[in-house]
Amino acid sequence: MTLAERETQVVERVPKQLFIGGTWRDAKSGAALKVEDPSTASVLCEVADAGTEDAFAALETAVAAQPSWAKHAPRERGEILRRAYELLMQRQDELALLMTLEMGKPHAEAKGEIAYAADFLRWFSEEAVRIEGGYSVAPNGQARFLIMRQPVGPSMLITPWNFPMAMGTRKIGPAVAAGCTMILKPAQQTPLCALALAEILREAGLPDGVLSVLPTSDAGGVTEPLLRDGRIRKVSFTGSTPVGRKLLEQSSEQVLRTSMELGGNAPFLVFDDADIDAAVDGAMQAKMRNIGEACTAANRLYVQSGIATEFARRLSERMGALRLGRGTEEGSEVGPLIDAKAREKVQSLVDDAVSRGARVLVGGSAGDGDGYFYRPTVLADVPQSSDLSTTEIFGPVAPIIPFDTEEEALTAANDTEFGLVSYVYTQDLNRALRVSEELETGMVGLNQGVVSNPAAPFGGVKHSGLGREGGRVGIEEFLETKYIGVGGV
């Protein structure tokens, strides 16, 4: 079988309809949306395009299924997730190819995401049976306190295009474990991974009505009416801060529980006592994971003046050696950006920095071909006043900003409305702890360029969001606490 034939087969296997109440169905309007391959700018296929009527059909099934699903045995909820984990891993190659086709990341990296996505299901399969309450005696001895944990209820899950499988499992895993029904709205650009995931969960034994999946080109028309309806009790969103603000406003009307994993502007601090090779390795991970299209991507590289030139030289060599290409090509290391708008944004940020005095050491322009490629780029002497310092890049551009003192670096790193993640490279233990405490972010990568792990709490502060996903606290976002006061004991 040729690669082209395999690509066609993988796409054809994915259901193209809406998934509502355990069945596949067309949109009520009959509408469909096009799914594009960003490496060729060609259409892969069309999928059903949900509207408001479809959204309320999904809500009805979620509400109807909630009482029985909440009473489902925790062990069985965990076993469903475990079976889904095994199915994802069995189909890792096929699902990775699907992701590469609709999102663009190289196939090897897509395989890594499938494993990462599956691990959320495995982690929360183990957490399903560890939902605990409490029992205690009142201080005056006249009553007893009984503490229960119960599912929040029907939940709206809204996922982005950059990690189309992992962001789905990171939300679905704890919701299933907690006993919540769900409506998943995937990003318009990448619905295929979400539809494939729905089919896998159905095969794993998830009861009808517990999960619905609604691809749509009208996000507001699908989500806003449901959030204002009152029967949805929880919204979990991963995406941009401006959209997060709108969802928080809409959620306030019905006082919904919210989890918001929003934008980032991650500083990457390299002190002059750092192991430069390790720091460059970490910068490559933090910058180039997912082609730089990640909220955790290193956005501002602050390097102490004494090593800034050498660091820039080594990073430029590494970045310049990366091979651009369609993610299905052998040896491809950098795929395309998601669409033309994304590439235009990256170019405008680079142009702005250069106009303010930054120097292009490598890259700085779009790649060749029909897809939305952009060359890995390193800029030196980037002024703090440039747009690159305040805007989430979401592309393969590494701006290097020199600093002299620790205080200067911390002030610059914290001078942003965002606070998702920071990275610090130093071999001085006291400095490592001191700087980590002072950085205004929800996560810190200390001498490592990747912080994401299903077993760790993921999330930020300030305008980077509310709540945490993953780790032992991830399931808490889908649970309510009920206190029962027992008298006459």
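Colleague: Why are H4 and H7 called roughly antiparallel to each other?

Modeller: This is a predicted model, to begin with. The axes of H4 (residues 92-103) and H7 cross at roughly 155 degrees. Angles over 145 count as roughly antiparallel. H4 and H7 therefore take that name. Their axes come within 8 Å.

Colleague: Which residues of H4 and H7 meet?

Modeller: From H4, Leu95, Leu98, Met99 and Glu102. From H7, Pro191, Leu192, Cys193, Ala196 and Ile200. By class, the contact of H4 with H7 has 8 nonpolar, no polar and 1 charged residues.

Colleague: Which hand does the crossing of H3 and H7 have, left or right?

Modeller: H3 passes H7 in a right-handed crossing. H3 brings Ala84, Leu87 and Leu88 to the contact. H7 brings Leu197, Ile200, Leu201 and Glu203. Those residues divide into 6 nonpolar, no polar and 1 charged. Ile200 of H7 is listed in the contact with H3 and also in the one with H4.

Colleague: Why are H13 and H14 called roughly parallel to each other?

Modeller: H13 (residues 406-414) and H14 (residues 429-438) pack at about 30 degrees. The cut-off for roughly parallel is under 35 degrees. H13 and H14 therefore qualify. Their axes lie 10 Å apart, and H13 passes H14 in a right-handed crossing.

Colleague: How many charged residues are in the contact of H13 with H14?

Modeller: There are 4 charged, alongside 2 nonpolar and 1 polar. H13 gives Glu406, Leu410 and Asn414. H14 gives Arg431, Arg434, Val435 and Glu438. Asp, Glu, Lys and Arg count as charged, so Glu406, Arg431, Arg434 and Glu438 fall in that class.

Colleague: What are the domains in the domain assignment of the protein?

Modeller: Domain 1 is 3-262 + 465-484, and domain 2 is 266-446. Their centres, over C-alpha atoms, are 31 Å apart.

Colleague: How do you know that domain 1 and domain 2 are in contact?

Modeller: Contact means heavy atoms within 4.5 Å. On that basis, 28 residues of domain 1 touch 27 residues of domain 2. The area buried between the domains is about 2100 Å², and carbon and sulfur atoms give 56% of it. Ser39, Pro106 and Trp161 supply 23% of the area that domain 1 buries against domain 2, more than any other three residues.

Technical notes: Residues are numbered from 1 along each chain as its sequence is written. This is a predicted model: local features need pLDDT of at least 70, side-chain atom pairs count only at pLDDT 80 or more; totals for chains, interfaces and linings use all residues. Side-chain values use heavy atoms; hydrogens and water are left out. A crossing is left-handed if the near helix is turned anticlockwise from the far one by less than a right angle, and right-handed if clockwise. Helices (H or I, at least four residues) and strands (E, at least two) are DSSP runs, numbered from the N terminus. Domain bounds come from an automatic or database domain assignment. Buried area is the accessible area (1.4 Å probe) that two parts lose on being put together, summed over both. Axes are lines fitted to C-alpha atoms, for helices over the stretch in contact, and angles run from 0 to 180 degrees between N-to-C directions. Angles under 35 degrees count as roughly parallel, over 145 as roughly antiparallel, 65 to 115 as roughly perpendicular and the rest as oblique.
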